[in-house]
Amino acid sequence: MDIIKKGDWVQIHQIVLKPEERAAHLPEDTKKVPLELWVKGFALDDGKIGDEIEIKTVTGRKVKGKAIKLNPRYIHDFGDYVPELTKIDMQLKKILFGGDCGE
Amino acid sequence: MVNRDMSYDAVMSRKNEIMKRAIGIDYDIFESGGLGFDYERMMREAGYTLEEIQSIQSSTGVGNTPLLEMKNLTALARKFAPKGKGARIFIKDEAANPSGSFKARRAATAVYHAKKLGYKGVIAATSGNYGAAVASQAAMAGLKCIVVQECYDSNMVGQPEILEKQRVCEAYGAEVVQLSVGPELFYSFLCLLEETGYFNASLYTPFGIAGVETLGYELIMQFRERLGRDPDKVLITHAGGGNVTGTARGVKKAGAEETEIVGASVDLTGLHMASDRDFNRKSFTTGHTGFGIPFATWPDRADVPRNAARPLRYLDRYLTVKQGEVFYITEALSVLEGIERGPAGNTSLTAAFALAQEMDEDQIIVVQETEYTGAGKHPMPQISFAKQNGIEILFGDPDTEIPGQNIVFPDHPSKIKVRDFDLNKAKVSYIKNAINNYGKKEIGEYDFEFLIKDTNSDEKFVRTVLSELGVKVLS
Ligand SMILES: Cc1ncc(COP(=O)(O)O)c(C=O)c1O
């Protein structure tokens, strides 16, 4: 799982600015954390997750950073079921078309 | 290149030089030397004509989107309106554009321009639909594309809508550079422009904004063809101001002088846009007051020397709606009209639903856009995400909603209300910002005239504000 082969699709991570290097006038919470960057590309060498590696992005840029994921999946979805939304739907239909819920 | 100082301060100090190379517009020729500049000349000379844009857009399948009447939403609004009230509600289905939103109009002209000037690629700094639009247009044009987005908080937790934007940009073949929260995104953006020599496909160039003019123009033509008359009000979801500016200019180019231009944003008062913590406590990533007010009151904060989006010139009214209300209307659009559309367009639809109830039955109100919806960009993932972030979900009076703490669904659709944001207040802030940014103690006739035009106000109004600021007008 953690092994990266040259040519694999990898997401890397960089610290762009340390907290003390950040711009002035930031909110307190943002000031305390670094500015971070993530980008994906093809590994230019073998390695493993956690290593500092170099990738080539789809535009051909070479970027160095810490390998954090191999073939990262998209994690967003439709979330958990939200019953409140169904309640809204039933209310709307009842007001406009009449009748009871569940008819 | 090799020995360039890439530190934050060094790159920021090269900003003007980098920008000039990346955009191919010499903004200096429109400058006056003071706080004013020749806006109309910039739009004329650095943009394209309406006809040119129509042809650029039609060659990439952008524009000519359907106009749909919302008969059931209108019927619902009339249930709560006084007798004889309840305007007919229409929407322009901009989701039908190639990348699923009106942003395709802006991207089509930007990418066309980049290709014409011989750039090998384009870069856009955006977490929203514009990234998808640029990536889609770049794919058609065979240009490389990088999208720089503010995506994650410091725990690498991403807003679901922005995660979807990453996916869709990658689907169109773009490289997506993701950053944690903070305005220094601009620094990374400059580094990328310098490294690649690509075109800055800014949202705020004259041709980008002119790309939206076709929307306003088309809309008016569709009404004239179909109903033989102009709409009474156009409702426009407002964030950075390009949607309002471009649409309004197009409406005016069609000669619809009587049509009222109404902006609408989701009220996110109290949430700080640069806060790592607040970042994931909002359920809308655009079309909200966190962009809408700063950009209206100081447009030149954008990533170009002069912003072509200047909403105060065009807004007749500016309404705010609550997050819970927009989710409610999004549900209504699905179950009463049978179409599912994304969050931003539904912001102005919510305002239209309330505003229609104040208008006569034979009047027409049109929402000028929809956007695509799907995983991440939908009430269900947004509400789940809000719950995970400790936001309370309630039914009740939308006026009790506190952004970042709760989301209040109206317990009845009659509770969805019109709330006017005082545009005069925005105009006063704009004038203050202009004076402060240029450090002026006195201004000349040209700058004075400019302030009147840029706030769409009058001599008396601007003179009063200036005298309160202790600024003299030289004549
Ligand atoms: C679908 C959609 N509608 C409206 C807006 C607001 O447009 P503008 O930023 O030009 O005001 C955006 C942009 O963020 C958008 O993506």
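**Figure 1. Cysteines without disulfides.** A search of the whole structure, a predicted model, finds zero disulfides over all chains. A disulfide is counted as a pair of cysteine sulfur atoms within 2.5 Å. In general, such a link is a covalent bond between the sulfur atoms of two cysteines. Cys151(B) is in no disulfide. The nearest cysteine sulfur to it belongs to Cys169(B), 11 Å away. Cys191(B) is in no disulfide either. For Cys191(B), the nearest cysteine sulfur is that of Cys145(B), at 18 Å.

Residues are numbered from 1 along each chain as its sequence is written, chains are lettered from A and ligands numbered from 1 in the order in which they are written, and side-chain values use heavy atoms, with hydrogens and water left out. Because this is a predicted model, local features need pLDDT of at least 70 and side-chain atom pairs count only at pLDDT 80 or more, while totals for chains, interfaces and linings use all residues.

**Figure 2. The setting of Cys151(B) and Cys191(B).** Are these two cysteines buried or exposed? Cys151(B) is buried, at a relative accessible area of 0%. Cys191(B) also counts as buried, at 16% relative accessibility. Buried means under 20% relative accessible area, exposed means over 50%, and partly exposed lies in between (1.4 Å probe, protein chains only). Cys151(B) lies in strand β4 of chain B. Helices (H or I, at least four residues) and strands (E, at least two) are DSSP runs, numbered from the N terminus. Gly287(B) is 136 residues from Cys151(B) in sequence. The two are 17 Å apart in space, C-alpha to C-alpha.

Figure 3. A backbone N or O atom of Ala239(B) lies 2.7 Å from an oxygen atom of the ligand. For Gly242(B), a backbone N or O atom lies 2.9 Å from a ligand oxygen. A polar contact is a pair of N or O atoms within 3.5 Å. Within protein, one atom must be able to donate a hydrogen and the other to accept it, and residues adjacent in sequence count only if both atoms are side-chain atoms. On its own, the ligand has 390 Å² of accessible area, and the protein covers 95% of that. These areas come from the Shrake-Rupley method with a 1.4 Å probe; for residues, only the protein chains shown count as cover.

**Figure 4. The shell around the ligand.** The shell has 15 residues. Lys103(B), Arg106(B), Ala239(B), Thr286(B) and Glu369(B) come nearest. A residue is near a molecule or strand if one of its heavy atoms lies within 4 Å of it. By class, three shell residues are nonpolar, eight polar and four charged. Here Ala, Val, Leu, Ile, Met, Phe, Trp, Tyr, Cys and Pro count as nonpolar, Asp, Glu, Lys and Arg as charged, and the others, Gly among them, as polar. Which elements give two or more residues to the shell? They are α6 (103-116) and α11 (242-253) of chain B. Domain 1 (8-56 + 102-203) and domain 2 (62-100 + 207-420) of chain B each supply at least three residues. The domain bounds come from an automatic or database domain assignment.

**Figure 5. Ser384(B) reaches chain A.** Ser384(B) sits in helix α15 (residues 379-388) of chain B. Its relative accessible area is 4%, so Ser384(B) is buried. The side chain of Ser384(B) reaches the backbone nitrogen of Asp80(A) at 2.9 Å.

Figure 6. Met156(B) is not a glycine, yet it has a positive phi of about 55 degrees. It is found in the loop between β4 (144-152) and α8 (160-171) of chain B. At 26% relative accessibility, Met156(B) is partly exposed. Asn456(B), a residue other than glycine, has a positive phi near 50 degrees. Its place is the loop between α17 (445-455) and α18 (459-468) of chain B. Asn456(B) is partly exposed, with a relative accessible area of 39%.

Figure 7. Met6(B) is in the segment before α1 (8-13) of chain B. It is partly exposed, at 33% relative accessible area. Tyr187(B) is 181 residues away along the chain, with 9.6 Å between the C-alpha atoms. Glu36(A) lies in strand β3 (residues 35-43) of chain A. Glu36(A) is buried, at 9% relative accessible area.
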